Amino acid sequence: MKSFYAILTVLVVLALVGGAKGDTFLQGLAGANGLQNEGSQTSSPRNDRFLNSPSFIGQPYDWSGVGLSSGGSWATMISPTYFISATHDHPTPGQTVTFHLDNNPNGPTATYTVSSFGYQTNSSQIPGATYSGSDVWMGQLTAPVATNIAKYPVEKLASNSAYVGQTIWTYGYPNRVGKNNIDSISALNGVYTPESTQVMYFDYNATGGQGPDECYLEGGDSGGPAFAVVNGSLALLGTGFVNAVDLGLTTPPGQYNTGIYDGAPSGDAFVPFYTDQLQANMVGETLTTVGVVPEPITMTLVGMGIVGLGGYVRKRMHK
């Protein structure tokens, strides 16, 4: 991505100030205040799933496997009982996760309980990583979800460069779907858990890009999924992780009201990097991949840069 990622000395996480969640920011909802309209966008029949509009851009796809916990954290199903979320913001044991079977907010739902199992992926395959953990989290439900709830495969390509430029579909707060294009994939070190995470970055374009659907992640998007469309169906790529504020790229630093600008980056923890770890910790169930190549994952990651970070203490997103 941009060269500044090689010199960042700040912390990462989709932190949110003021105790409220920020909606996924969209170019089409910037309004009269343009890029300063952060946190005060109107609803969008085009992008908000539960307005149940025929103009919803996600209409062709199955979102039933994306659930929200009773604690306000996202969960994305990858098998009958296992789900993906963010280490810094994930459903915890005893909470429930509710899935909507269609795009009607008053339509059928199914609710399940989160089990005591939890697995934090690690940075063992990142050369020179500073910390051991990462922000990709796998949890488990106490019972399998119904067969009509989606279980998403993970898109697995031959190399990082094969993903660059690909269109992604992000799902975040408040059940809003946006789009962007992958700019780069690289490792980012932090000290919250502590973590060293493989990150998929995508810039917000004030004009052009994905047009009105062009998205920028905000605090409520932590742990929400990003998908590719493969053979007409959704395949998991990432979970919401960082944005320009978290990366210290706003003026003044850390101010959400100045957080969106032309070229502002967002980033997802990059799930394909962790497929071997995830499968190894799933009992009796299988993680499906699409676009798999025969080379082991370590061979596709040779030459990847490591981003150094300094001494800020990483902050969990406030609810």
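Student: How much space lies in the second largest cavity?

Tutor: About 50 Å³. A cavity here is a set of points on a 1 Å grid over the protein atoms alone where a 1.4 Å probe fits but cannot get out, and a volume is the space filled by probe spheres set on the points, which are joined across faces, edges and corners. This is a predicted model, where local features need pLDDT of at least 70 and side-chain atom pairs count only at pLDDT 80 or more, while totals for chains, interfaces and linings use all residues. Residues are numbered from 1 along each chain as its sequence is written, and side-chain values use heavy atoms, with hydrogens and water left out.

Student: Which residues line the second largest cavity?

Tutor: Among them are Thr24, Tyr171, Leu217, Asp221 and Asp268; a lining residue has an atom within 4 Å of a point.

Student: And which element gives the most to that lining?

Tutor: β9, with three residues. Strands are DSSP runs of E, at least two residues, numbered from the N terminus.

Student: Switching topic, where is Gln95?

Tutor: Gln95 sits in the loop between β4 (82-86) and β5 (96-100).

Student: What is Gln95 in contact with, leaving aside neighbours within four places in sequence?

Tutor: Ser69, Ser70, Gly71, Tyr112, Thr113 and Val114, with contact meaning heavy atoms within 4.5 Å.

Student: Which of the side chains makes a polar contact with that of Gln95?

Tutor: The side chain of Ser69 does, at 3.4 Å. A polar contact is a pair of N or O atoms within 3.5 Å, one able to donate a hydrogen and the other to accept it within protein; residues adjacent in sequence count only if both atoms are side-chain atoms.

Key. Helices (H or I, at least four residues) and strands (E, at least two) are DSSP runs, numbered from the N terminus. On a 1 Å grid over the protein atoms alone, a cavity is a set of points where a 1.4 Å probe fits but cannot get out, and a pocket is an open set with protein on both sides within 12 Å along at least five of seven lines; lining residues have an atom within 4 Å of a point.
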